[in-house]
Amino acid sequence: MDLTDDAGPRFGPNLTGGRLILVGTPIGNLGDASPRMREAIETADVIAAEDTRRFLSLAQRLNLTHTKRVISVFDHNEGHRAPELVDIIAAGETVVLLSDAGMPAVSDPGYRVVKACAEAGLPITSTPGPSAVLMALAVSGLPSDRFSFEGFLPRKSGQRKTLLTELKAEKRTMVFFESPHRIADAMDDFAEIIGVDRPMAISRELTKTYEETLRGTVGSLRDQAAEGLRGELTLVLAGATEVETAPEDHLGEVSALVDSGSRAKDAAGQVAKKFGLSKRDIYEAWLHRD
C-alpha cells in the first residue's frame, strides 16, 4: 500500500451539502478510538446510534463533545428511520451512523440506511474502525487470502445444520459470530456436519483484557466449548480441500435437510448438485443407510 502525505478528507463543515459517515467504534479497547472517529462525532449535525445510551456512555468515557441531536437506529426501526435520514442529509446536514461496537452495517444496523442514501445519490463515506471479523481472521493462522463472512450462526440447530451443509464444500476460510450461550451446541453441529478434523480457531474477548484465541480442529475446540467459553466469540473455519467423495459421505447433509422439512428426494438432489454427484446414488444411499 502506498502511503502519502495526504491526510485525506476531514469532517468539518460540508460546503457542498450533507453526507452520511459510517463510523467504526472500539470493539472493547477504548484505545482503538481513532482521531477521525473523534472528529466525525464532534462535527456531525446528527448522530444515528444503535443504542443512544451506549453512545452517550462512549462519548463520556472518551471525553467527546457532540451534536445535540442523537437519534436511535436499530434493527427494528431502521426501515422507518432510513427515509428520515435521507431527508436530513438531502437538506445539507451531516449524519454519523454508528453501532454499539465495530463497523455499522456488518452484522449491525446500517445497511438499509446506506442503501437508501446510495439510491438517493447522496455522499457516503466511512471512518474505518476495529473489526472482529478481520482481527479474528488475521490471528487465526488460517488462510486469509480469500474468505467469507457468514455473520451470526442461526439460533436453532436445524437451521444451523442446514447452513453448515450448504457451506461444507466452501473452499474459502469462513468467519462466524456466535454467542457463548450457544457455542457448545453449535460446535456439536460443526462436528456432525463439517467433521472433527477441519482446522478451526475461536477468538474471544478481542482487544479486551482477557483476549484469547484457541486454535486446533473442530473436534478439539468442540471439547473446549463443552466446558464453556465466555465473552464475545468469533469463529474462523478453514475452507474445504479438494477430495473425492462417495454418496455415503453426504448422508449427514441429506438428513439435516430432511430434518429441516425437505423431502428426501429433494434433499438428495440439493446435495448431489452441490457436490457434483448422482442424485439417484445419494438417494439410494440414504434409503439404505444403517
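1. Basis. Residues are numbered from 1 along each chain as its sequence is written, and side-chain values use heavy atoms, with hydrogens and water left out. Because the model is predicted, local features need pLDDT of at least 70 and side-chain atom pairs count only at pLDDT 80 or more, while totals for chains, interfaces and linings use all residues.

2. Helices α7 and α8. Helix α7 (183-193) packs with helix α8 (residues 218-226) at an angle of about 160 degrees, the axes being 8 Å apart; α7 and α8 are therefore roughly antiparallel to each other (angles over 145 degrees). On the α7 side the contact (heavy atoms within 4.5 Å) is made by I183, A184, M187, D188, F190 and A191, and on the α8 side by V218, L221, R222, A225 and A226. By class, this contact of α7 with α8 has 9 nonpolar, no polar and 2 charged residues.

3. Helices α6 and α9. The axes of α6 (residues 157-167) and α9 (residues 251-259) come within 9 Å and cross at roughly 140 degrees, which means that α6 is oblique to α9. K161, T162 and T165 of α6 meet E253, A256 and L257 of α9 in this contact.

4. Surroundings of α9. L251, E253, V254, A256 and L257 of α9 are buried (under 20% relative accessible area, with a 1.4 Å probe and protein chains only), and the buried residues of α9 pack against α6, α7, α10 (264-275) and α11 (279-287). After α9 comes G261, with a positive phi near 115 degrees.

How values were computed
Axes fitted to C-alpha atoms, helices over the stretch in contact; angles between N-to-C directions. Helix = DSSP H or I, 4+ residues; strand = E, 2+ residues; numbered from the N terminus. Parallel < 35°, antiparallel > 145°, perpendicular 65-115°, else oblique. Buried < 20%, exposed > 50% of the residue type's maximum accessible area, 1.4 Å probe, protein only. Nonpolar A, V, L, I, M, F, W, Y, C, P; charged D, E, K, R; others polar.
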